[in-house]
Amino acid sequence: QEWHTRVGERQEIQLADGTLLVVDAATRVTVRQNWLRRHIHLHGGEIYLDVASDWRSFHVATADIGIRDIGTRFSVRNIDRHLAVQVAEGAVEIRHAGGYTRLHAGEGISHDPEQSGRWIHASLRNDDIAPWRQGFLVFDAQPLHSVLNELARYHAVWFDLADPALAGPAAPRRLGPRPATRSWPSNSRRCCESSSRAESFR
């Protein structure tokens, strides 16, 4: 089964095993379950999982990393290969090019190929983990162009900085776009497309 949210849309999906899958805006995800394992492939975007207890293993794959759930609630993000995993409860084991990393509640790692290319570990407050579920976005001294690219996932508009010098300043920490939420049963299929328009900021 595959779900694809459009710009500004959010979905909550109850999977057949009882797991809650929350799909953020502009996200595509594929779910496969059989009698041996449960597997989710995040093609792009961001998801939050509240994994139901089950004897079958639960795995998430995105880009070139694999994540094994160890009874938990966690989020996974892949925006243009900028990757992040954050754990709200329990633990996960992450397989990546640098080896294996185990994260516990209140921990996260991120990888930005345009920066150092290293995996960066961080301690997190609970309300910093997938804050988009409550209609908020959190920015921590990110450049303006990164903030605008993120906002474009929640609004049918493409932001263009006419003056490259504007790309540098740090952004506000917390914004509230509040995208719409829709709930879908696990046997439904939802694929959406959204048009966008361009705007310039001077």
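1. The side chains of Thr-30 and Glu-2 are joined by a polar contact of 3.4 Å. A polar contact is a pair of N or O atoms within 3.5 Å; within protein, one atom must be able to donate a hydrogen and the other to accept it, and residues adjacent in sequence count only if both atoms are side-chain atoms. Thr-30 belongs to strand β4, and its relative accessibility of 8% makes it buried. Here buried denotes under 20% relative accessible area, exposed over 50%, and partly exposed the range in between (1.4 Å probe, protein chains only). Helices (H or I, at least four residues) and strands (E, at least two) are DSSP runs, numbered from the N terminus.

2. On provenance, this is a predicted model, in which local features need pLDDT of at least 70 and side-chain atom pairs count only at pLDDT 80 or more, while totals for chains, interfaces and linings use all residues. Residues are numbered from 1 along each chain as its sequence is written, and side-chain values use heavy atoms, with hydrogens and water left out.

3. How many salt bridges does the count come to? The count is 13, a salt bridge being a side-chain nitrogen of Lys or Arg within 4 Å of a carboxyl oxygen of Asp or Glu. In one of them, Arg-77 meets Glu-46 at 2.9 Å, N to O. Because Arg-77 lies in strand β7 (residues 65-79) and Glu-46 in strand β5, this pair ties together parts that are 31 residues apart in sequence. Glu-46 is buried, at a relative accessible area of 6%.

4. Arg-77 also forms a salt bridge with Glu-150 (2.6 Å, N to O). This pair links distant parts of the chain, 73 residues apart, with Glu-150 in helix α1 (residues 144-151) and Arg-77 in strand β7. Glu-150 counts as buried at 8% relative accessibility. A network of salt bridges links Asp-24, Glu-46, Arg-77, Glu-150 and Arg-153.

5. A further salt bridge joins Asp-128 and Arg-125 at 3.4 Å, N to O. Arg-125 is placed in the loop between β11 (119-123) and β12 (137-138). Its C-alpha is 8.9 Å in space from that of Ala-88, the two residues being 37 apart in sequence.

6. For the aromatic side chains, Arg-133 lies over the face of Tyr-48, 3.8 Å from the ring centre. The criterion is that NZ of Lys or CZ of Arg is within 6 Å of the ring centre and within 35 degrees of the ring normal.

7. Trp-35, Leu-36 and Trp-55 form a nonpolar surface patch, with about 470 Å² of accessible area together. Patches are made of residues with over 30% relative accessible area and no salt bridge; like charges are joined within 9 Å, and nonpolar side chains (Val, Leu, Ile, Met, Phe, Trp, Tyr) within 5 Å. Areas come from the Shrake-Rupley method with a 1.4 Å probe; for residues, only the protein chains shown count as cover. Leu-36 is in the loop between β4 (28-33) and β5 (37-50).

8. Asp-80 is exposed at 67% relative accessible area, while Arg-81 is partly exposed at 47%.
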